Amino acid sequence: MHFLAHQPASPPPLLQPQPGFGLLFDIDGVLVRGRLPIPAAKKAFEKLVDSQGQFVVPVVFVTNAGNCLRQTKADQLSHILGVPVNQVIMSHSPLRMFKKFHDKCVLVSGQGPVLEIAKNLGFKNVMSIDMLRESYPLLDMVDHNRRPKLPPVRWETNLQLIIDILLTNGNLSSVHQTQKMPHLPLLACNMDLMWMAEAHSPRFGHGTFLVCLENIYKKITGKDLKYEALMGKPSELTYHFAEYLIRSQAMQRQWKLPVTSLYAIGDNLMTDIYGANLYNRYLEERAARKNPKAVAKMVAATGSTAAVPREEEMDSLWESELALPSATSCKSVLVCTGVYNPKAEVPSDANRCIKETVFHGHRDFRFDPALVEPGHIVQDVLEAVDLIFEQEKFVPQ
């Protein structure tokens, strides 16, 4: 007779911790300055990547740049870390959701390979500013002989032809109709007034172009230019698209914990911080709509129910394209390696000064001091990662 001794089961291997949070990194001013990496970024990535080269938490890289394909931007980041293309969000990335325009004839204005970018996003019938001005040479009175071998960015042509399109309803053989409303749908990507490259001071961003376009249109017609959608930070569209990619990464890695907390790390109060706080407010309002007492409290605090219908419209768009968010908060972390200058002199009346002279946000985004107040201020992205891991009690194995 044989007896088989019971062998105690060997202890299960240590499991990789499963994060319930995701990180949204701005690029310019946080990870790089122009094409130069910020030293703290390399050290931060050492904590974010395991020995197999995989991220230990879901991560997306959110930039308001729009002058190249996602793949190109991912390749540019490879000198810091190999970044998969599906983790990069450009200012134009949410245009993938606007399928109702993908089959229409679309004029694209911008820098870089705009036709290739538009087609990559799903647009099938695309025209560039150069194609338009070649078809209608009398509309562009710029002296072609002044061009150097590498032509500069000439905003006057783009402004002129976009105004022509809007005021003729796309029929460029007709005269301007300054009273015709509404104008053709207008979708804008990237509202940054300024951005940080190698120069000591910030440079004009695409938001400066929008300021010009809006003011020219109003000066000619007496009416405000209307946007079908604004995307790029601080638009909620961009943050929801980022949340969707974060959620997708967690599913691909088979992490079971739902991603409930997002952390947005950036250097710009008017885009990164404003946008993260605005999305956080949206998430709170979504939760509040399910709770009548919370709705009443929100209305009492704001004196208005105006935000609720707008958020329901956003839910409708996102539910049809990306599914509704699982996150319940989006916390903002400000770094001091880019646009934000911690040594700048603080005005005696900050609220009045920011509202009247310093608010760099887009015309259609209301000023609210709470939205430009970062959840945390740290020196650089390495400090940001350390802070978040500590907040989440997360220790990668």
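Start by selecting alanine 323: with 35% relative accessibility, this residue counts as partly exposed. Bear in mind as you look around that this is a predicted model. Alanine 323 sits in the loop that links α10 (307-321) and β13.

**Next stop: a pair of helices**

Select residues 236-252, which make up helix α7, together with residues 269-289, which make up helix α8. Two packed helices are described by the angle between their axes and the distance between the axes. Here the axes come within 9 Å and cross at roughly 75 degrees, so α7 and α8 are roughly perpendicular to each other.

Which residues meet where these helices touch? Show side chains for Glu236, Tyr239, His240 and Glu243 on the α7 side. On the α8 side, show Thr271, Asp272, Gly275, Ala276, Leu278 and Tyr279. Coloured by type, the residues of this contact divide into four nonpolar, three polar and three charged.

Stay on helix α8 and pick out asparagine 280. Is this residue buried or exposed? Asparagine 280 has a relative accessible area of 16%, and under 20% means buried, so it is buried. Beyond its neighbours within four places in sequence, asparagine 280 is in contact with Thr328, Ser329 and Cys330.

**On to the sheet**

Switch to a cartoon view and find the open sheet of six strands, in the order β5-β4-β1-β12-β13-β14, with parallel pairing. The edges are held by β5 and β14 (376-378), and each has a single partner strand, so one side of each is left without a neighbour in the sheet.

Strands β13 and β14 run parallel and are joined by three bridges. Select valine 333 and you will find histidine 376 of β14 standing opposite.

Valine 88 in β5 stands opposite phenylalanine 61. On its other pairing, β4 runs parallel to β1, with three bridges between them; leucine 24 has valine 60 in β4 as its bridge partner.

Which way do the side chains of β4 point? Val59 and Phe61 point one way, Val60 and Val62 the other way, and all are buried.

**Into the cores**

Keep phenylalanine 61 selected and show what surrounds it. Not counting residues up to four places away in sequence, phenylalanine 61 touches Phe25, Ile27, Leu31, Phe45, Phe55, Leu77, Val83, Gln87, Val88 and Ile89.

Phe61 is also a guide to the largest nonpolar core, which has 39 residues. Phe25, Leu31, Leu48 and Phe61 are those with the most contacts inside this core. To see which elements give it two or more residues, colour β1 (21-25), α1 (39-48), β4 (59-62), α2 (70-77), β12 (261-266), β13 (329-335) and α12 (381-391). Which element gives the largest share? That is α12, with seven residues.

For the last stop, select Leu132, Ile163, Ile165 and Met191. They are among the 26 residues of another core, which lies apart from the largest one.

Terms used. Residues are numbered from 1 along each chain as its sequence is written. This is a predicted model: local features need pLDDT of at least 70, side-chain atom pairs count only at pLDDT 80 or more; totals for chains, interfaces and linings use all residues. Side-chain values use heavy atoms; hydrogens and water are left out. Axes are lines fitted to C-alpha atoms, for helices over the stretch in contact, and angles run from 0 to 180 degrees between N-to-C directions. Helices (H or I, at least four residues) and strands (E, at least two) are DSSP runs, numbered from the N terminus. Angles under 35 degrees count as roughly parallel, over 145 as roughly antiparallel, 65 to 115 as roughly perpendicular and the rest as oblique. Contact means heavy atoms within 4.5 Å. Ala, Val, Leu, Ile, Met, Phe, Trp, Tyr, Cys and Pro count as nonpolar, Asp, Glu, Lys and Arg as charged, and the others, Gly among them, as polar. A nonpolar core is a set of buried Ala, Val, Leu, Ile, Met, Phe, Trp, Tyr and Cys residues joined through side-chain atoms within 4.5 Å. Buried means under 20% relative accessible area, exposed over 50%, partly exposed in between (1.4 Å probe, protein chains only). Two strands pair if DSSP finds at least two bridges between them.
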